[in-house]
Amino acid sequence: MNPYTTFIALLVGSLVLFVGIRLKKWPIILVAMLPLGLVALNMFLLITGR
């Protein structure tokens, strides 16, 4: 993933997570975890250098 895609995924994930928490809807929160998890995995691979 390039840095722009990572940034957009982080932005969208955070926004969807915020909306999910405000509305207290678990399906929205679970959907938000996908792009945020992708960002976390990307950061992990970037730090470990694999």
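This is a predicted model: local features need pLDDT of at least 70, side-chain atom pairs count only at pLDDT 80 or more; totals for chains, interfaces and linings use all residues.
Q: Which residues of H1 are called buried, and what makes them so?
A: They are Thr-6, Ala-9, Gly-13, Leu-17 and Gly-20. Buried means under 20% relative accessible area, so each of these falls below that cut-off.

Q: Why say that they lie on the same side of H1?
A: Because they cover an arc of only 65° around the axis, which puts them on one and the same side of the helix.

Q: What do the buried residues of H1 pack against?
A: They pack against helix H2, residues 26–48.

Q: What makes residues on the face of H1 turned away from its buried side count as exposed, and which are they?
A: The cut-off here is over 50% relative accessible area. That face carries the exposed residues Tyr-4, Phe-7, Ile-8, Leu-11, Leu-15, Phe-18 and Arg-22.

Q: What happens to the backbone just after H1?
A: Lys-24 takes a positive phi there, about 55°.

Q: How much of the chain counts as buried, and what supplies the area it exposes?
A: Of its 50 residues, 22% count as buried. The chain exposes about 4200 Å², and carbon and sulfur atoms supply 79% of that.

Q: How many helices and strands does the chain have, and what does its C-alpha trace span?
A: There are two helices and zero strands. Along the principal axes, the C-alpha trace spans about 40 × 15 × 10 Å.

Conventions. Residues are numbered from 1 along each chain as its sequence is written. Side-chain values use heavy atoms; hydrogens and water are left out. Buried means under 20% relative accessible area, exposed over 50%, partly exposed in between (1.4 Å probe, protein chains only). Helices (H or I, at least four residues) and strands (E, at least two) are DSSP runs, numbered from the N terminus. The arc is that of the directions from the helix axis to the C-beta atoms. Contact means heavy atoms within 4.5 Å. Accessible areas come from the Shrake-Rupley method with a 1.4 Å probe; for residues, only the protein chains shown count as cover.
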